[in-house]
Amino acid sequence: MSPQPHPLTHHPRPETQRRHAALAITAAAVMALTTACGSGDRTDAAPVANDKVQTGSSSSGSGYGSGYGDDSGADKGQAGGNGYGDSYGSTGDSNRPAAQGAPARTLALRQSPELGPVVTDSKGMALYRFDKDTAKPPNSACSGACATTWPPVPADDATAASGMAASALGSVTRADGTKQLTIGGWPAYRYAKDTAPGDTKGHGVGGTWNAFAPDGKKATAGPAADVSVFDQPKLGKLLVDKEGRTVYRFNKDSAWPMKFGCNGACLDTWKPVGPADKSKLEGVPGKLISTVTRPDGSKQLAVDCWPVYTFSGDQQPGDVNGQGKMGTWFAVSPEGKKITAPATG
């Protein structure tokens with residue numbers, strides 16, 4: 001006689017097993033979906049009330065535009081950047097008043113070791129331009145949260161630096177009705193992460209923000225040359241040293257035979273320029289550059305065999321306060337000649 005199966009060890013039929021497995025899979029899928037939608041790791045889900053999506057933060061909260069100007073790889077123009085220098089784009093209301101910056105007053109030029117002469121406000125804070133703006137006609141594409149991190153510079157009370165043409169300055173009326181300074185037609189901004197005079201942290205952000213050069217173009221990236229050319233509004237193209245200071249020659253010196261007319265107390269006002277590396281010249285032929293030995297044994301830069309100096313009364317790049325002093329001191333052209341007449345054209 002065959003043994004009977006014990007009631008406690010009864011096995012369900014195959015179709016019952018399949019039905020139970022299907023129910024278990026369905027339950028697991030529902031649980032997984034519920035977990036994903038409600039997970040705190042998700043940032044794209046938003047609560048819904050009365051058929052309207054509620055935003056996670058208001059425009060006054062710290063989260064609004066929180067990615068603007070972040071020093072992440074995306075801000076520096078790497079993958080994921082959108083050109084605004086943020087992770088979200090300029091999504092603010094274009095009619096909302098922009099963050100009000102302080103008056104720029106008299107602009108200045110500051111020599112940056114990496115960028116050359118950079119336009120700043122009267123307190124030395126760098127001014128920037130934005131590639132998504134336009135200059136002809138002037139128009140600003142930075143509004144809302146963008147303008148919080150890149151405050152527009154007011155047009156009121158702004159005057160050109162001595163190394164800038166007064167005609168380079170203008171203004172544009174923003175969507176909120178305020179007047180913004182323009183340089184070479186481009187709207188001007190400060191950068192919220194610049195905290196000290198000389199900072200240029202905004203240069204290159206998003207691949208679209210650049211510090212201003214004196215002519216309204218982008219400041220040039222690259223180390224400053226030992227001798228280079230500066231386009232001065234009054235005198236035209238002239239030579240400057242690695243600090244951006246105008247160099248002068250003195251009529252009482254001579255190139256041949258070599259003679260130094262500036263000695264003693266003269267050197268308190270007129271500082272001999274140090275020798276230049278011929279591999280670090282910009283806009284000036286190397287054959288014009290040489291080094292001469294002064295009576296005290298020190299070395300001095302010479303241009304076309306004439307010793308050159310800087311003037312202690314020049315405070316920033318583009319200053320030419322030494323020009324024509326006593327009828328004997330003159331700035332030097334890229335051809336090595338003394339400049340005696342104002343620029344034309």
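Two strands count as paired if DSSP finds at least two bridges between them. The views below are taken from a predicted model.

**View 1. The hairpin of strand 3 and strand 4.**
Strand 3 covers residues 108–112 and runs antiparallel to strand 4, the two being joined by 5 bridges. One of the residues to look for is Gln111, whose bridge partner in strand 4 is Pro117. Between the two strands lie 3 residues, and the strands form a hairpin.

Strands of a sheet pair through backbone hydrogen bonds, in either a parallel or an antiparallel sense. Here 3 strands in the order 8-9-10 make up an open sheet with antiparallel pairing. Strand 8 (169–173) and strand 10 (186–187) are at the edges and have a single partner strand each, so one side of each is left without a neighbour in the sheet.

**View 2. The pairing of strand 9 with strand 10.**
Strand 9 comprises residues 179–183 and pairs with strand 10 over 2 bridges, in the antiparallel sense. Thr182 has Pro187 of strand 10 as its bridge partner.

**View 3. The salt bridge between Asp241 and Arg245.**
The side chains of Asp241 and Arg245 form a salt bridge with an N to O distance of 2.8 Å. Asp241 has a relative accessible area of 6% and is therefore buried, the cut-off being under 20%. Arg245, at 37% relative accessibility, counts as partly exposed.

**View 4. The salt bridge between Asp304 and Lys337.**
A salt bridge links the side chains of Asp304 and Lys337, at 3.7 Å from N to O. Asp304 sits in the loop between strand 17 (299–303) and strand 18 (306–307), while Lys337 sits in the segment after strand 20 (329–331), so the pair ties together parts that are 33 residues apart in sequence. The relative accessibility of Asp304 is 28%, so this residue counts as partly exposed.

**View 5. The salt bridge between Lys237 and Asp231.**
In this view Lys237 and Asp231 form a salt bridge, and their closest N and O atoms are 3.8 Å apart.

Key:
Residues numbered from 1 in each chain as written. Predicted model: local features only at pLDDT ≥ 70, side-chain atom pairs only at ≥ 80, totals over all residues. Heavy atoms only, no water. Salt bridge = Lys/Arg side-chain N within 4 Å of Asp/Glu carboxyl O. Buried < 20%, exposed > 50% of the residue type's maximum accessible area, 1.4 Å probe, protein only. Helix = DSSP H or I, 4+ residues; strand = E, 2+ residues; numbered from the N terminus.
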